[in-house]
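Reader: I have a model open and some labels to check. Can we go through what each one rests on?

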Amino acid sequence: DGTFIAGTESFYQRVHQVFQAARENAPSVIFIDDADAIFENRSERGLYRYLLTMIDGLESESNAQVTVMLTAMN
């Protein structure tokens, strides 16, 4: 849930753990509800850049069985 993880001190650790677990348990789906909460805080650009970096890292053939879905409140 984006509203739960956005702005927390452990954001990077939580996101890393989710993506690592998805890779280890592929095929898998990462579903992030209310993802717009992560992208709305313009003063903290590192949060969404990190999330986009993690998503970008799924392009390799070995990670091809991980799907990421995001929903937004607005």
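Author: Below, each label is set against its cut-off. One caution: this is a predicted model.

Reader: What makes threonine 71 partly exposed?
Author: Its relative accessible area is 26%. Buried means under 20% and exposed means over 50%. Threonine 71 lies in between, so the label is partly exposed.

Reader: Where is threonine 71, and which residues does it contact beyond its sequence neighbours within four places?
Author: Threonine 71 sits in the segment after strand 2 (66-70). Its contacts, with those neighbours left aside, are Phe31, Ile32, Asp33, Asp34, Ala35 and Asp36. Contact here means heavy atoms within 4.5 Å. Aspartate 36 is 35 residues away along the chain, yet the two C-alpha atoms are separated by 7.6 Å.

Reader: How do you know that the span of helix 2 is close to the expected one?
Author: Helix 2 has 14 residues and reaches 20 Å from first C-alpha to last. The expected value, at 1.5 Å a residue, is 20 Å.

Reader: Which residues touch the most other members of the largest nonpolar core?
Author: Val15, Phe19, Ile30, Ile32, Ile38 and Leu51, out of 14 residues. Helix 2 (11-24), strand 1 (28-32) and helix 4 (45-56) each supply at least two residues of this core.

Key:
Residues numbered from 1 in each chain as written. Predicted model: local features only at pLDDT ≥ 70, side-chain atom pairs only at ≥ 80, totals over all residues. Heavy atoms only, no water. Core = buried A, V, L, I, M, F, W, Y, C linked by side-chain atoms within 4.5 Å. Buried < 20%, exposed > 50% of the residue type's maximum accessible area, 1.4 Å probe, protein only. Expected span 1.5 Å × (residues − 1).
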